[in-house]
Amino acid sequence: MTELQAARAADSLSAPRLEAGSKRLRYLDLLVALAAFAVLALLPLVSDSKALLDFVIRCSAYGLFATSLNLLVGYTGMISFGHGMFFGLGAYGYGLIMQRIGVPIPLAFLATLAITAVVATIIGAICVRLKEIYFAFVTLAFQMLIHSTILSWSSFTGGDQGLRGGIPRPPFLGIDLSNHVHLYLASCVLLVLGLLAMRQIAASPFGYTLRMIRDNPMRASFIGIDVWRAKLTVFVLAALFASTGGMVMALFVSGAYPEFAYWTISGEGIFINMLGGVATFLGPMVGTVLLLILNDTVTRFTEYHGIVLGVVILFFAIGLRKGLMDFVVEWYTQRRDRASGQG
Amino acid sequence: MDAWTFARPSSARRNGNDTLDLDALASCFTSSACLVTQTTSGLIIGMLLFLVAVGLTLIFGVLKVVNFSHGAFYMFGAYFAMTSYQLTGSFALAMLCGAAGTAILGLIFERVFMSRVYGADVLMQLLVCYAFVLIFDDVVRLIWGPEFRSMGMPTAFQVVPLFIAGGVVPPYYLLLIGVALAAAIVLGVGLARTRIGKVIRAAAYNPSMVSALGINTGLIYGGVFAIGGLLAGLAGALAAPVRSLTPGMGFSVLIESFIVTVIGGMGSILGALIGALLLGLIRSFGSLGFPLFTEGLMYLFMVIVLVSRPSGLFGKEVA
């Protein structure tokens, strides 16, 4: 058994304890979410640094994307190498609807989610019956297929130039997203709500079904779980959150570019998950912040940031053999166990 | 991101938005000259892809590792060949340097880094490779600079091209196809008939039994990586005279060799050959009919194969 799987096994062992206090835990989640949002909302009052707010907006976009990928990778054990296609789809879908039709922003949002759901259901229905490395490849192929479609259908998508000329941001309900602080608050709301929703999914009976499918799919199907349907459901759900991340990104840069749908986005998502850790819910979020800080500081000091980034990845993959949060949690449990053993 | 420029004769007259140019494709099938030109360019792409993909499939077959950094070996092969050609002026030596250099690189890569993540999660292996994709690209940028470089056609091949049925075929293309075919045959016969080949196949089947018989499996794993590196480096060296060299050139090749291995079936050498040739032909003829959607065509083909036969055309059934 690998260490990662061991960590996951430990995670599922602690399930009954979690289940017993699940109601209390959900209130706790809500409280944490509210507190997090309060801190984020106070940020513009404390600091008027535009760069800091920009950083948080980018964290929201990538954080939603990476956490949704963790629903697949960490919870269900489906290593998708094409999850970025939904990030791109969200950005392009939202941008195109706003540019071409010009409906109110919330409507465009919902429409994009609907489109994503349809596309994800079709692609997922084809992909999820494949296992492990084949699943990774076929998702990668779909990602590249969408990327090439974006590149070649230039009359509709702008080709390799992307959606340019800005995406209109008409005000709605007194919210004006062309105002930087409003945009910042909106992406914080989306981030917190998205994380809360994913947390609910992960802590629900369905979430535990997913863990069971990850650990032993055959047993899951023996006790009457429709594995294919559960996998498809989580595939579509994860796609919706990734698409939301893409929309936040499109709102932020006021455009959509083919890179959003390129496979490197998926690669970064996997990397973020690994960096932060897949055994805790907030691991990917920690990974997102780490990667963005790393990217920003390294690019400031050297143009060869690939080398630095590569060495950091190697440190995590070969040195720690797990993500930061997994490492911290394990270290903490060991310490606590040792303390209680002595006492 | 597209390094296969020389295989696109139609791209010169590409104008604006025509993603569909079926007339060009149809008219090509009626002219033997066009047919010969497109087929040879398809074969070139296919053969180079085969050399990269077969290493990938061999490494997967024996080590059960998907070597995501295989494209870097191709890139290093090309750069090694260019530098040694500029230093010595000998084309044969350039090929040798390209192949041997990457073989050593592959050996070191496997022994020092990859060997630490065997048995770990697939995710870990992918990450180590991903790290090296980033590192290798930057190393090349550091040593050879970020700009496009070219090796130039060796003087021995700067001769009048051959005309076969009206189609133009540069002699270098024939050499390229010949060398790649020879490598394929040596590899195939070596695996099927020699003692080392037998040991490698046994290690793929049951490594613990092989090591119980007193054979150093670590050495075999390193050796397989070295062979994979050698083939990819050879492909890079062969491609160096006809392609422009740039950091990151390995990547598009890597993605395409993945498609090849997936289409052909992971671990199957014959599958890699057929898959590579199919893909080469799709590329060269697809660039006539669908100038902008050539890449999409390949991914579409891959999706179709994966959906109808998840284990690839020549792969064993997936459990």
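How many of the 16 residues of helix 10 of chain B are buried? In this predicted model, 13 of the 16 are buried, so that helix is mostly covered, where buried means that 20 or more other C-beta atoms, placed from the backbone, lie within 10 Å of the residue's own.

## Basis of the model

The model is predicted, and local features need pLDDT of at least 70 while side-chain atom pairs count only at pLDDT 80 or more, although totals for chains, interfaces and linings use all residues. Residues are numbered from 1 along each chain as its sequence is written, and chains are lettered from A, with ligands numbered from 1, in the order in which they are written.

The scores of the model are ipTM 0.72 and pTM 0.79. For chain B the average pLDDT (the predictor's confidence in each residue, from 0 to 100) is 81, and 92% of the residues score at least 70. Over residues 1-17 of chain B, however, pLDDT stays under 50, and for this stretch the model has 26 contacts beyond four places in sequence, a contact being a pair of residues whose C-beta atoms, placed from the backbone, lie within 7 Å.

## Chain A

Chain A holds 16 helices and 0 strands, where helices (H or I, at least four residues) and strands (E, at least two) are DSSP runs numbered from the N terminus. Its radius of gyration, taken over C-alpha atoms, is 20 Å, close to the 20 Å that the globule rule gives for 343 residues, so chain A is as compact as a globular protein of that length; the rule is 2.2 Å times the number of residues to the power 0.38.

The C-alpha trace of chain A spans about 65 × 50 × 45 Å along its principal axes, and 46% of its 343 residues count as buried. Among the contacts in chain A with a separation of 6 or more, 79% are between residues 24 or more positions apart.

## Chain B

Chain B has 12 helices and 2 strands, which follow the pattern α-α-α-α-α-β-β-α-α-α-α-α-α-α along the sequence. A compact globule of 319 residues would have a radius of gyration near 20 Å, and the 20 Å of chain B agrees with this. The C-alpha trace of chain B spans about 60 × 50 × 35 Å along its principal axes, and 55% of the 319 residues count as buried.

## Where the chains meet

The contact takes 35 residues from chain A and 39 residues from chain B. On the side of chain A that touches chain B, helix 7 (132-152), helix 8 (154-157), helix 13 (263-276) and helix 15 (305-320) of chain A each supply at least two residues, and the largest share, 13 residues, comes from helix 7.

## The nonpolar core

A nonpolar core is a set of buried Ala, Val, Leu, Ile, Met, Phe, Trp, Tyr and Cys residues joined through C-beta atoms within 7 Å. The largest one has 204 residues, and those that touch the most other members are A141(A), F50(B), L51(B), A78(B), A81(B) and L127(B). Helix 2 (residues 32-63) of chain B gives the largest share of this core, 18 residues.

Leaving aside its neighbours within four places in sequence, A141(A) is in contact with Y299(B), M302(B), V303(B) and L306(B).

Terms used. Buried ≥ 20, exposed ≤ 12 C-beta atoms within 10 Å, placed from the backbone. Contact = placed C-beta atoms within 7 Å.
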